Amino acid sequence: MKKSLLLLLFTLIIVSCKPQNDNQLRTDKIISEINNPKSKNVLVVVHRGDWRNHPENSLAAIQSAIDMKADVVEVDLKLTKDSILVLCHDQTIDRTTNGTGKVGDFTLDSLKSFKLKFADGTISDQTIPTLEEALLVAKDQIVVNLDHAYWLYDQALAVTEKLGVTNQILMKGASPKSVVEEKLAQYENNFMYMPIVNICTEPGKELFDSYISDENQPVAYEVCWPKMDDSVKQSMAQIIEKGSKLWVNTLWPSLNGGLCDEAAKDNPELIYGQIVELGATMVQTDRPALLIEYLRAQGLHE
């Protein structure tokens, strides 16, 4: 009897001390994939969380992205009047909540008095989350892409360092390479960073040339193009040859020459097949369930 009790006690101690490997391994695997240029797996990036089923940039939208086994969730940052980072795409809360006014004109407590809207305008029971609240949901489960956020790098880094999640954050921006390098040099730990390149504009070409000509390559490039031509294809080939990930958006036609989610609804192979053929291994989508289903059928997503 004593031996059985001791065995039970020992088992309980082992279980309680065992690290939560499932989520941690999932996050580690995603980060490893981002840093593996040879992998053909396609990482799915959920735009503003699963906003078709939950309010955009909400905790529920982030959790839904996690539940569907997406790899990255994209969120947008704004700063409140009392200097708290919150998730919101627009400068105002008019479109996304039942309130009106600029995010920066409200304290956090005031913002929390408003309710987020679903895409159809229906009022939910959720409020605008802080970055800290969002990262607590995402921690060890999904990589977080911070958009509209480069100018908030210092404040965002402070939050991630506090929570111990800096390694699972990907930030993107269109700042010159020298500016980004100067910022990263200020800290021992930094986010993964990738440039956003509109490859068909002169500023975009200049930004791309400054990065692609350097020996040290970013982890990925987000490439946008209104119309496909040889120069776009050549730029994509250079990115892949240099060992960076190619990030493509399927959000709306002007970002991808028409290879968008709406066009993929009736024929995923026609759209997503072309995206894969271009060499994209990170795809930001407004229809994550559809994209994941397609990729899994091709053996390109676990």
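Biologist: How many cavities of 30 Å³ or more are there by this rule?

Modeller: Three. A cavity is a set of points, on a 1 Å grid over the protein atoms alone, where a 1.4 Å probe fits but cannot get out. Please keep in mind that this is a predicted model, where local features need pLDDT of at least 70, side-chain atom pairs count only at pLDDT 80 or more, and totals for chains, interfaces and linings use all residues. Residues are numbered from 1 along each chain as its sequence is written, and side-chain values use heavy atoms, with hydrogens and water left out.

Biologist: What volume does the largest cavity have, and which residues line it?

Modeller: A volume is the space filled by probe spheres set on the points, which are joined across faces, edges and corners. For the largest cavity that is about 100 Å³. Lining residues have an atom within 4 Å of a point; here they include R26, K29, I30 and E33, along with D71 and H301. Helix α2 (residues 21-34) gives the largest share, four residues. Helices are DSSP runs of H or I, at least four residues, and strands are runs of E, at least two, numbered from the N terminus.

Biologist: And the largest pocket: what is its volume, and which element supplies the largest share of its lining?

Modeller: A pocket is an open set with protein on both sides within 12 Å along at least five of seven lines. The largest pocket has a volume of about 230 Å³. Its largest share of lining, four residues, comes from α7, while α7 (177-184) and β6 (192-198) each supply at least two. Among the lining residues are Y193, Y211 and P218.
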